[in-house]
Amino acid sequence: MSWRRLIAGNMAGNNGVSASILPCKLRKKLKKKLESPRVKPIQPDASRRNPHLDAIVAREAQLRFLSRTKSFLSRIPSHSIPLSLAGKLHRELGFPRGRKPSRLALHHPFLLHLSQDPDSHHPSLGFTPLMESLLLEERSIMLALEFRRILVVRKLLMMTRHRRIPLAKLHHCRAVFGLPDDFRDRVLHYPDLFRIRVNPIDNLHELELVEWDPALAVSALERQFIEDEERVRKLFKFPIPRRKCLNLDPDDEKQMDFVTTFPLVSPYSEGWKHDLWTVEAEKYRVGIVHEFLSLTLEKRAMIHHLVEFKEEFSLTKHTYQMLTKQPRAFYLAGTEMNWAVFLKDAYREDGTLIEKDAQVVFEEKLRRYADMTEKDFSGSVVDGGVEGSMHAK
């Protein structure tokens, strides 16, 4: 057995060799790799890990090429690009530098197609007929859900300090909230709700809220609190240091528990005015994160999506430490370099969403096709009329 296999077996947690019997150089190299933020789990305690939620993050990483390629090619009228050009667009198409897009495309034969351009006789990367039909289905779903997405953007703006967010930030996080690629043009159709302004400091285009709606200023947690106050109180803990040294009588302890377990400060309030390190300020920031996640499609987000709105939501650099103190409400999955935060109450024990948006159902169907190979295809018709010859143009 080669040293590589021995190291791989040890890293995978199988019955591989112990790192202690490896040569010194390999042992140091293995230890350094295991300590790297690229592979080190964000949840260090293995007993607290949820394999079902961890698998979701791993799955999304594997499908990054497909999701970014779909978004990029769908904005091109021909829905295809020369393969030689695709190799240079590793960031836009979502694959590591040095990899060949042709090999990655072959992993999704029902959705991506390699063909010869009839004009230039050069190979090109494009969509299969099945993928084209799925894009039409996705557009119809987005049109049907446009009003709901408008509500999400309005609530996001109402949570911010100045009631505005740079358009570039919303565009970067559009997939998390189910916003279409052309949402920056669509918001112009709602002048009574939004306006676009140019920030005089950095010249960035910002989306600004036109009118505050008190009916929308109710968080998901507040609605849950009305339904089950006791459960929501137990969901969050804001411990006060050195509590046991205060020698409190039972009534005072009860009152302190009431303060430290009270759900949250509303994310739609002016909680940013609280002193930075007070319990109220932390309750406000936790409430912001909770409401942010509740507005996402899958009740989860990568940390870079959350940090994108750090200034608008008055978050601090201690967001990770803040979330780890609320293990009943949030679950952190992934590695230290790239991790996600989940709303635990939104998921069943098997890692499935309790309530699924129509767009989430569509994404699940897209993933099923992405995982299919030629061997998996046994019929001549898939999902109501798509022919088995997926690559015919």
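Visitor: Is Phe313 buried or exposed, and at what relative accessible area?
Guide: A word on the source comes before the answer: this is a predicted model, in which local features need pLDDT of at least 70 and side-chain atom pairs count only at pLDDT 80 or more, while totals for chains, interfaces and linings use all residues. Residues are numbered from 1 along each chain as its sequence is written, and side-chain values use heavy atoms, with hydrogens and water left out. Buried means under 20% relative accessible area, exposed over 50% and partly exposed in between, with a 1.4 Å probe and protein chains only. Phe313 therefore counts as buried, its relative accessible area being 0%.

Visitor: Which geometry does the ring pair of Phe292 and Phe313 adopt?
Guide: Rings of Phe, Tyr and Trp (its six-membered ring) pair if their centres lie within 6.5 Å, and planes under 30 degrees apart count as stacked, over 60 as edge-to-face and the rest as tilted. Here the centres are 6.0 Å apart and the planes stand at 75 degrees, so the pair of Phe292 and Phe313 is edge-to-face.

Visitor: Where in the chain do Phe292 and Phe313 lie, and how many residues apart are they?
Guide: Helices (H or I, at least four residues) and strands (E, at least two) are DSSP runs, numbered from the N terminus. Phe292, which is buried at a relative accessible area of 1%, belongs to helix α16 (residues 279–294). Phe313 sits in the loop between α17 (303–307) and α18 (319–324), and the pair links distant parts of the chain, 21 residues apart.

Visitor: How far apart are the end C-alpha atoms of helix α8, and what span should its residues give?
Guide: The expected span of a helix is 1.5 Å times one less than its number of residues. For the 16 residues of α8 (residues 129–144) this should give 22 Å, which agrees with the separation of the end C-alpha atoms, 23 Å.

Visitor: Which residues of α8 are buried, and what arc do they cover?
Guide: The buried residues of α8 are Leu130, Met131, Leu134, Leu135, Glu138, Ile141 and Met142. Taking the arc as that of the directions from the helix axis to the C-beta atoms, they are placed on the same side of α8, because they cover only 140 degrees around the axis. On the other side of α8, the exposed residues are Leu136, Leu143 and Ala144. The arc asked for is thus 140 degrees.

Visitor: Which side chain meets that of Glu138 in a salt bridge?
Guide: A salt bridge is a side-chain nitrogen of Lys or Arg within 4 Å of a carboxyl oxygen of Asp or Glu, and a search of the whole structure finds 27 of them. In this one the N to O distance is 3.2 Å, and the partner of Glu138 is Lys70. Lys70 lies in helix α4 (residues 64–74) and Glu138 in helix α8, so the pair ties together parts that are 68 residues apart in sequence. Both residues are buried, and the name asked for is Lys70.

Visitor: Which strands hold Glu206 and Arg164?
Guide: Glu206 and Arg164 form a salt bridge, with the closest N and O atoms 3.2 Å apart. Glu206 is buried, at a relative accessible area of 6%, whereas Arg164 is partly exposed, at 24%. The two are 42 residues apart, Glu206 lying in β6 (residues 205–209) and Arg164 in β4 (residues 164–166).

Visitor: What is the phi of His79 near?
Guide: Most residues other than glycine have a negative phi, and most peptide bonds are trans. His79 lies in the loop between α4 and β1 and counts as buried at 12% relative accessibility. Its phi is positive although the residue is not glycine, and the value is near 60 degrees.
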